[in-house]
Amino acid sequence: MESWNIDRNWTLFLDRDGVINRRIVGGYVTRWDEFEFLPGVPEALKILAKRFGRIIVVSNQQGIGKGLMSEADLALIHNSMLRQIEGFRGRIDLVLHSPHLKSDGSPMRKPGIGMAIEAKRVFPEIDFRRSLMAGDSESDLLFGRNAGMKTVLICDDPGTEDALDGLFDISFRDLYSFAVAIK
Ligand SMILES: [Mg+2]
C-alpha cells in the first residue's frame, strides 16, 4: 500500500453496510434508529478525510426495490449519518445508492460500475486508477476491480477473507485499522 502513494488526488469509494454501520443480517436498515456506526468509524472518517480528496459512499439498497423502505426513508438515514460524521469532523462528499433488485441486473447495482461513473460525473477529477474501493463483500471488490480501482477488503472473518482471496489487494479487520494504516 505504501507504493500506491496515496495523496489528495486519490478518491476513496466506501461500501456502507458492514463497513460504516453494522449490517443487519438478512434484513435492511430502514430507519435511523436501526443505524449503528461500527466501532471507530467516525474517528476513521476524520483521518480519511485528511488523506483523500474525495470520499464517496456507494451502497446497494435493494430494500427500496423490495418496497421495504422508500427513497425518502433512505434520504433521512443518510442525512442523519452525514450530520453525525460532520460532528466528528469527518467528511463524505457524496452518497450514492442503487435501489434496484439484484434480479434487475442493473449496471447501477454493484458489481456494476454505474455508481462509479455517476461519481465521476459529479466530480470529473476522479481518476479510477487513483481510487480505492473498500468493502466487505464480493460485489464491492468486483465493483472496484471492474472500474480499475485498488480494492480493500474490510472484514474480520478469516473464512470470508479466504473465500474472496484474489479479489482484494489488501485487507483490514475494520475501517479504523485501515485509516490508521494509511495515516
Ligand atoms: Mg457491505
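Biologist: What covers the buried residues of α5?
Modeller: This is a predicted model. In it, the cover includes β1 (11-14), β2 (54-60), α4 (114-122), β4 (131-135) and β5 (150-154).

Biologist: Which residues of α5 are buried?
Modeller: Helix α5 spans residues 138-147, and its buried residues are D140, L141, F143, G144 and A147.

Biologist: Why do you say that they line one face of the helix?
Modeller: Look down the axis of α5. The buried residues fall within an arc of 155°, so they line one face.

Biologist: What makes D15, D17 and D136 donors of the magnesium ion?
Modeller: Distance. A donor atom must lie within 2.8 Å of this metal. D15 (OD), D17 (O) and D136 (OD) lie 2.1 to 2.2 Å from the ion, so they count as donors. D15 sits in the loop between β1 and α1 (41-51), and D136 in the loop between β4 and α5, 121 residues apart.

Biologist: Why is the pair of W32 and F35 called stacked?
Modeller: Centres must lie within 6.5 Å, and planes under 30 degrees apart count as stacked. W32 and F35 show 4.9 Å centre to centre and 20° between the planes. The pair is therefore stacked.

Biologist: And why is the pair of F172 and F178 called tilted?
Modeller: Its planes are 55° apart, with 5.6 Å centre to centre. Stacked needs under 30 degrees and edge-to-face over 60, so this pair is tilted.

Biologist: How do you know whether F35 is buried or exposed?
Modeller: Buried means under 20% relative accessible area. F35 has 9%, so F35 counts as buried. W32 has 30%, so W32 is partly exposed.

Technical notes: Residues numbered from 1 in each chain as written. Predicted model: local features only at pLDDT ≥ 70, side-chain atom pairs only at ≥ 80, totals over all residues. Heavy atoms only, no water. Buried < 20%, exposed > 50% of the residue type's maximum accessible area, 1.4 Å probe, protein only. Helix = DSSP H or I, 4+ residues; strand = E, 2+ residues; numbered from the N terminus. Arc of directions from axis to C-beta. Contact = heavy atoms within 4.5 Å. Donors = N, O, S within 2.8 Å, 3.2 Å for Na, K, Ca; no water. Phe/Tyr/Trp six-rings, centres within 6.5 Å; stacked < 30°, edge-to-face > 60°.
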